[in-house]
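Visitor: I am new to this structure and would like to learn how to read it. Could you take me through a few of its features slowly?

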Amino acid sequence: MRLKSLIAAALVVGAGSTAAQAADPLVDVAWVKASLGKPGIVMLDLRSGAGQPKEAYLKGHIPGSLYTDYAKGGWREKDKAGVAGMLPSVAKLEKLIGSLGIDNATHVVLIPLGAKAQDVGAATRLYWTFKVLGHDKVSVMNGGFRAWVKVVDKATKKPVNPLATGEVKPKPAVFKAKLRPELIATKEDVRKAIASKQPLVDNRPNDFFVGVTMSSAAKRPGTLPGASNLPESWLTDNNGGKFRSRAQLTPLYKAAGVGLDGEQINFCNTGHWASLGWFVSYAIMGNTKAKMYDGSMAEWTADKSLPVDQKVKMTPVTVEAR
């Protein structure tokens with residue numbers, strides 16, 4: 001029902017909207033530096049996704065970048081069934097995006113902290129959100145904020161790249177969505193995928209996959225029946241903030257038993273780690289048939305009638321996890 005309502009809303013508000021030219025999924029420090037101050041580009045600082053407070057942004061950020069709170073800013077919400085971290089309504093997202101000065105022609109650049117794969121998930125989750133809303137002019141800064149401040153002057157010990165302080169206040173804009181439901185996997189889609197043995201990819205760490213660790217968001221330990229495990233930490237260099245190349249990723253996909261193309265549903269606990277897996281499959285490997293299960297194990301395990309595969313039978317350790 002939730003997906004149907006999103007589609008219905010998008011048909012109304014998306015009427016007449018035009019698709020902007022697609023942007024490269026990844027941009028680097030040099031690209032960002034060369035683009036500072038250029039019109040039509042909005043950079044979103046997502047260090048809150050790594051647990052950093054707003055004060056960190058106020059003390060120093062990439063010039064012109066806007067602060068947005070990944071967890072509490074309205075990008076994700078609890079649905080009517082009580083499942084946390086779900087995609088909000090189209091209307092809510094349009095309002096949020098417009099408040100950040102983003103319209104349908106804006107190139108959005110998402111800047112995570114870049115300390116490890118998990119915090120990069122804030123950027124890939126928002127990348128998926130923009131793509132779902134029909135916005136193709138969106139990129140992730142590879143390496144994140146850490147890459148921006150990595151190079152320091154030998155004499156001053158300060159970053160070579162410029163930093164600004166205080167808060168950038170955007171001028172509100174109008175953003176109109178055009179929903180792409182083909183990027184969203186529902187619980188029913190997953191049920192059908194299990195029955196037809198369609199590829200399911202669990203992007204959580206292996207201890208969650210086998211069922212010895214469980215997220216507090218889930219009701220039962222384990223994974224979806226028939227799923228393959230491609231941990232999010234495999235997708236970046238040494239579990240850092242920079243994505244591995246396609247050439248490096250290809251043998252990792254093979255080792256995990258995950259195909260490079262064709263139907264695929266990525267999932268995790270609440271749709272955060274899964275966004276990393278989806279981003280790599282969709283944007284780096286080029287598999288446009290990849291979808292993400294937004295509700296993931298939090299939604300799936302809440303329905304006791306649905307099967308779960310706990311590969312190691314033991315009482316799991318429950319932790320806060322995405």
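Guide: Two strands pair if DSSP finds at least two bridges between them, and strands (E, at least two residues) and helices (H or I, at least four) are DSSP runs, numbered from the N terminus. This is a predicted model, in which local features need pLDDT of at least 70, side-chain atom pairs count only at pLDDT 80 or more, and totals for chains, interfaces and linings use all residues. Residues are numbered from 1 along each chain as its sequence is written, and side-chain values use heavy atoms, with hydrogens and water left out.

Visitor: Which residue in S5 is the bridge partner of Val108?

Guide: The partner of Val108 is Val138 in S5, and three bridges join S4 to S5 (residues 138-141), the two running parallel. From S4 the chain passes through H5 to S5 in a right-handed β-α-β crossover, right-handed meaning that, with the strands pointing away from the viewer, the path from the first strand over the helix to the second runs clockwise. S4 also pairs in the parallel sense with S2 (residues 41-45), over five bridges, and there Asp45 stands opposite Ile111.

Visitor: Why is S4 described as largely enclosed?

Guide: Buried means under 20% relative accessible area (1.4 Å probe, protein chains only). Five of the five residues of S4 (residues 107-111) are buried, so the strand is largely enclosed by the rest of the structure. His107, Val109 and Ile111 cover one side, and Val108 and Leu110 the other.

Technical notes
Buried < 20%, exposed > 50% of the residue type's maximum accessible area, 1.4 Å probe, protein only.
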